[in-house]
Amino acid sequence: GIVNRELQVRDGAPLSQAGLLDTQRHLYDLGIFNQVTVAVQTPDGLEAEKNVLVYLEEARRYTLKMGLGGEVGRFGGSSNDRTNTQGKTAFSPDVSFELTRLDVGGRPHTASLTGRFSTLEKLAGLGYTAPHFLNHPTLDASVKTFFEELRDVLTFTAQRTEGALQFQQKKSKVTTLLYRYAFRRVTVDTSTVQISDPENQAILASPVLVGMLDLSLIRDTR
């Protein structure tokens with residue numbers, strides 16, 4: 001059913017070279033095929049009707065990417081030392097990974113799991129992408145959410161939970177619209193806050209919940 005919806009040539013209709021190319025492009029745009037070949041059977045024959053053959057090679061459903069690195073900066077030392085909140089020069093290992101699953105539920109959807117772990121940051125995220133949302137060929141949808149624990153040198157440690165819903169609409173060959181809604185909640189570990197005036201700690205360390213609406217217009221004439 002997914003492939004049939006992307007076919008730009010119909011049974012009994014006049015054969016169109018542009019329709020063959022558009023079929024190939026639409027199937028590639030789904031992101032679940034490594035190879036798409038659309039060709040006419042016996043192109044040199046004199047038959048009044050032709051058969052169109054579509055050859056598909058599905059991409060690997062699981063992809064795992066891993067990264068290992070390091071960071072050198074001024075983030076070492078004791079968190080109890082308020083006279084040197086920038087810290088001392090130290091080394092932090094950095095490990096990241098991304099696990100991607102294509103063709104979720106037999107649909108051209110993609111799910112992903114990402115993570116990053118270091119001395120200054122710990123992050124875990126989930127993503128889900130649905131191209132041609134609700135069978136609209138010009139509309140893509142995606143959902144992303146993540147949890148992050150961030151250490152701001154020796155000043156404070158914060159936790160951020162964020163989620164976003166985005167729709168991408170292709171208005172024309174050069175114009176794309178992005179509609180996005182996101183919410184974010186940030187909390188601060190009060191035991192890590194280094195503030196000289198204790199009376200301001202309750203205000204500066206209070207949780208914050210923010211909702212954001214975003215509209216973007218992209219014009220690409222290349």
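This is a short tour of a predicted model, stop by stop, with something to select at each one.

**Stop 1: the nonpolar core**

Start by selecting Ile2, Val9, Leu20, Leu27, Leu30, Ile32, Phe33, Val36, Val38, Ala59 and Leu102, and show their side chains; these 11 residues make up the largest nonpolar core. Now colour helix 2 (17-29) and strand 1 (33-40), each of which supplies at least two residues of this core. The largest share, 3 residues, comes from strand 1.

Stay here and centre on Ile32. Which residues does Ile32 touch, leaving aside those up to four places away in sequence? The partners to look for are Glu58, Ala59, Leu102, Asp103 and Pro108. Two of these names, Ala59 and Leu102, are also on the list of core residues.

**Stop 2**

Next, move to the loop between strand 1 and strand 2 (52-58) and pick out Thr42. Its backbone deserves a look: phi of Thr42 is near 50°, a positive value in a residue other than glycine. Thr42 is partly exposed, with a relative accessible area of 43%.

**Stop 3: strands 6, 7 and 8**

Switch to a cartoon view and select strand 6 (121-130), strand 7 (139-152) and strand 8 (residues 156-170). Strands 6 and 7 run antiparallel and are joined by 10 bridges. To see how they line up, select Leu123, which stands opposite Glu148 in strand 7. On to the next pairing: strand 7 and strand 8 are also antiparallel, with 14 bridges between them. Here, select Arg151 and find Thr157 of strand 8 opposite.

**Stop 4: the loop between strands 6 and 7**

Follow the chain into the loop between strand 6 and strand 7 and select Leu134. Leu134 is not a glycine, yet has a positive phi of about 55°. Is the residue buried or exposed? Leu134 is exposed, with a relative accessible area of 62%.

**Stop 5: the aromatic pair**

For the last stop, show the rings of Phe133 and Phe167. The structure holds 1 aromatic pair, and these two residues form it, in a tilted arrangement with 5.8 Å centre to centre and 55° between the planes. Phe133 lies in the loop between strand 6 and strand 7 while Phe167 belongs to strand 8, so the pair ties together parts that are 34 residues apart in sequence.

Terms used: Residues numbered from 1 in each chain as written. Predicted model: local features only at pLDDT ≥ 70, side-chain atom pairs only at ≥ 80, totals over all residues. Heavy atoms only, no water. Phe/Tyr/Trp six-rings, centres within 6.5 Å; stacked < 30°, edge-to-face > 60°. Helix = DSSP H or I, 4+ residues; strand = E, 2+ residues; numbered from the N terminus. Core = buried A, V, L, I, M, F, W, Y, C linked by side-chain atoms within 4.5 Å. Buried < 20%, exposed > 50% of the residue type's maximum accessible area, 1.4 Å probe, protein only. Contact = heavy atoms within 4.5 Å. Pairing = 2+ DSSP bridges.
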